[in-house]
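Please open the model in a viewer and keep the selection panel at hand.

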Amino acid sequence: MHSVAPGSVEAQLEQARERIAELEAGDSLKTQFLANISHDLRTPLTAVITHAEILRDGILGTLTERQLESIAGIINGGRQLLEQVGEILTYARGAANQLSITGSEFKLSDVVTQLRALNESLVSKKGLELISDVSDDLPLLTADREKVAHIIGNLLGNAIDFTPQGGRVWVSAKCACGPNGAECVVEVGDTGIGIDSEHHELVFREFAQVDASASRQHHGTGLGLTIARKLVELHGGRIWLESELGAGSRFFFAIPYPSK
Amino acid sequence: MTAPRPHLLVAEDNQLVCDAMRVLFDASGYRVSTAGHIAEIIDIATSDPVDLLLLDLGLSGGDGFDVLATLRAEGAMPRVCVALTGRDEPETALRCKEAGCVAMLLKPVPSRDLVRMVGEWLAGAD
């Protein structure tokens, strides 16, 4: 039997391998914990939101304007929390390779129209201009519609969040020739605060926020771009950005069209 | 004489959610039972015919699919079964459909929409 001399390069390599295996096992446990806790948080949140909606809908009697305003706060807060819990769950499932693609053919313009409607009130509240330039005539995408909506939703949410009042946010898409054939390239851009080039890779890392200080103005799980990248990669695509500090950001992702 | 209130069974092992569903559907004109353990769910459904079952997939003592399989074997399938879950997985949705559910809904469903859909499913089952 081949014996490894203590202190030799081989022995050190063996130790390093064992250490990596231990760390991976610990990481996997942590990911599973995140998935479980996110799932368990949804249940009591469901109860809170349902009770608040029962009151809002007048099922138990009519409320005053001020009471309705307060109830709306509970529902909105609950739904926001639920979305964040959902993001953590998606991240944890992605990290554990438990996400899968359910492909179907759809029009990207329909997804963008839907997302536009969802973000309309936030956009007008912030005094932003939201432009969408996604032609109805683009070839149909064959992808997981919900996940593509999730990717664009996360990019759009960031663009709105990081763009000050009076700015512009846009979504556009085109058919292009990629490294492996035809692909659909989607751009989500903004005239917001921008990202220094030294942070371009960092923003895709989990829980990363360029401004991680306690006084930071932009809150969230710090998972939006990590999830977007994971979902793009699940489709065999690529995601990247072009940005400079103070000069807005343009995020791009490409999803391949099936080869004919 | 008034028509009997439809019997709605909420199968859910979280008491907070059961309470919320009871308030919602009781006030919306249903007779509501709640249970969280599969033995209790099966006991209710086999002794008091259920018009609509709102079934959480994760339960004490088993899962929602065990409940559906047992009720089918006992000839006690509710008129309408609806699965409620916290996880949006296409393969689970397909399994629910195959097990006899009209839909799989992701929690939390807005209460107005849930009451409306329950009314529509029951009207469609007549």
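Predicted model: local features only at pLDDT ≥ 70, side-chain atom pairs only at ≥ 80, totals over all residues.

Next, display chain A as a cartoon. Its 5 helices and 7 strands follow one another from the N terminus in the order α-α-β-α-β-β-α-β-β-α-β-β. Along the principal axes, the C-alpha atoms of chain A fill a box of roughly 80 × 45 × 40 Å.

**A helix pair in chain A**

Select residues 108–125 and 145–161 of chain A, which are helix α3 and helix α4. At what angle do α3 and α4 of chain A pack? The angle is about 35°, and the axes lie 10 Å apart. The crossing of α3(A) past α4(A) is right-handed. To inspect the contact, show side chains on both helices: α3(A) contributes A:L108, A:D110, A:V111, A:V112, A:Q114, A:L115, A:N119, A:L122 and A:V123, and α4(A) contributes A:R145, A:V148, A:A149, A:I152, A:G153, A:L156 and A:I160. Sorted by class, the residues of this contact are 11 nonpolar, 3 polar and 2 charged.

**Chain B**

Now move to chain B and apply the pLDDT colouring there. Chain B averages 91, with 97% of the residues scoring at least 70. Where in chain B is confidence lowest, and where highest? The lowest mean, 82, belongs to strand β4 (residues 58–59) of chain B; the highest, 97, belongs to strand β1 (residues 7–11) of chain B.

Then select residues 38–47 and 64–73 of chain B, namely helix α2 and helix α3. These two helices of chain B pack at about 35° with their axes 10 Å apart, and α2(B) passes α3(B) in a right-handed crossing. On the α2(B) side, pick out B:I38, B:I41, B:I42, B:A45 and B:T46; on the α3(B) side, pick out B:D66, B:V67, B:T70 and B:L71. The contact between α2(B) and α3(B) comprises 6 nonpolar, 2 polar and 1 charged residues.

**Between the chains**

Finally, bring both chains into view. In the interface, 22 residues of chain B are in contact with 23 residues of chain A. About 1,900 Å² is buried between chain B and chain A, and carbon and sulfur atoms give 58% of that area. How many salt bridges are counted between chain B and chain A? The count is 1. To see a salt bridge, select A:D57 and B:R112, whose closest N and O atoms are 3.3 Å apart. For the complex, the predictor gives an ipTM of 0.77 and a pTM of 0.71.

Definitions and conventions
Residues numbered from 1 in each chain as written. Chains lettered and ligands numbered in written order. Heavy atoms only, no water. Axes fitted to C-alpha atoms, helices over the stretch in contact; angles between N-to-C directions. Helix = DSSP H or I, 4+ residues; strand = E, 2+ residues; numbered from the N terminus. Left-handed = near helix turned anticlockwise from the far one by under 90°. Contact = heavy atoms within 4.5 Å. Nonpolar A, V, L, I, M, F, W, Y, C, P; charged D, E, K, R; others polar. pLDDT = per-residue confidence, 0-100. Buried area = accessible area lost by both parts, 1.4 Å probe. Salt bridge = Lys/Arg side-chain N within 4 Å of Asp/Glu carboxyl O.
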